[in-house]
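Visitor: I would like to learn how to read salt bridges and helix packing in a model. Please take me through one case.

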Amino acid sequence: MKEWAKGFYQSRAWRKCRDSYIKEKFWLCERCGEPAKIVHHKKYLTPKNINDSNITLNKNNLEALCKKCHDKEHGWNKKEVVSHNEGLMFDESGNLVRV
């Protein structure tokens, strides 16, 4: 979590909004139907909009996601390793393999 966002994500207002939203979605990922664990902001939060409740607490800007879909949204599950390790990638099980 980014330092500038910690206060918001630890706030009572966010916890209340997040909890009620995910319950409304029956704890199901809105993209794949798997169990949801994360309430994602469709319009990403920034230092400039973190105090705007029309963005941070607006249920129209929220989406219940499973970890896999949330990671995919943010590009955190890329299969290729981009670095000095050319010729390597992760397989579907997350194992590092040669290409």
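Visitor: With which residue does arginine 31 form a salt bridge, and how far apart are the closest N and O atoms?

Guide: Start with the term: a salt bridge is a side-chain nitrogen of Lys or Arg within 4 Å of a carboxyl oxygen of Asp or Glu. Here, arginine 31 pairs with glutamate 73, and their closest N and O atoms are 2.8 Å apart. Arginine 31 sits in the loop between H2 and E1 and glutamate 73 in helix H4, so this pair ties together parts 42 residues apart in sequence. The model is predicted: local features need pLDDT of at least 70, side-chain atom pairs count only at pLDDT 80 or more, and totals for chains, interfaces and linings use all residues. Residues are numbered from 1 along each chain as its sequence is written, and side-chain values use heavy atoms, leaving out hydrogens and water.

Visitor: How are helices and strands assigned?

Guide: They are DSSP runs, numbered from the N terminus: helices are H or I with at least four residues, strands are E with at least two.

Visitor: Which side chain meets arginine 31 in a salt bridge at 3.0 Å, N to O?

Guide: That of glutamate 63. Glutamate 63 lies in strand E2, so its pairing with the loop residue arginine 31 links parts 32 residues apart in sequence.

Visitor: Is glutamate 63 buried or exposed?

Guide: Buried means under 20% relative accessible area, exposed over 50%, and partly exposed in between (1.4 Å probe, protein chains only). Glutamate 63 is buried, at 11%. Arginine 31 is partly exposed at 41%. Glutamate 73 is also partly exposed, at 29%. Shared partners join Arg31, Glu63 and Glu73 into one salt-bridge network.

Visitor: How many salt bridges does the structure hold?

Guide: Six. Another one of them links arginine 18 and aspartate 19, with closest N and O atoms 3.1 Å apart. Arginine 18 is partly exposed, at 28%. So is aspartate 19, at 32%.

Visitor: Which residues of helix H4 are buried, and what do they pack against?

Guide: H4 covers residues 67-74, and its buried residues are Cys69, His70 and Asp71. They pack against strand E1 (38-41) and strand E2 (62-65), where contact means heavy atoms within 4.5 Å.

Visitor: What follows H4?

Guide: Glycine 75, with a positive phi near 75°.
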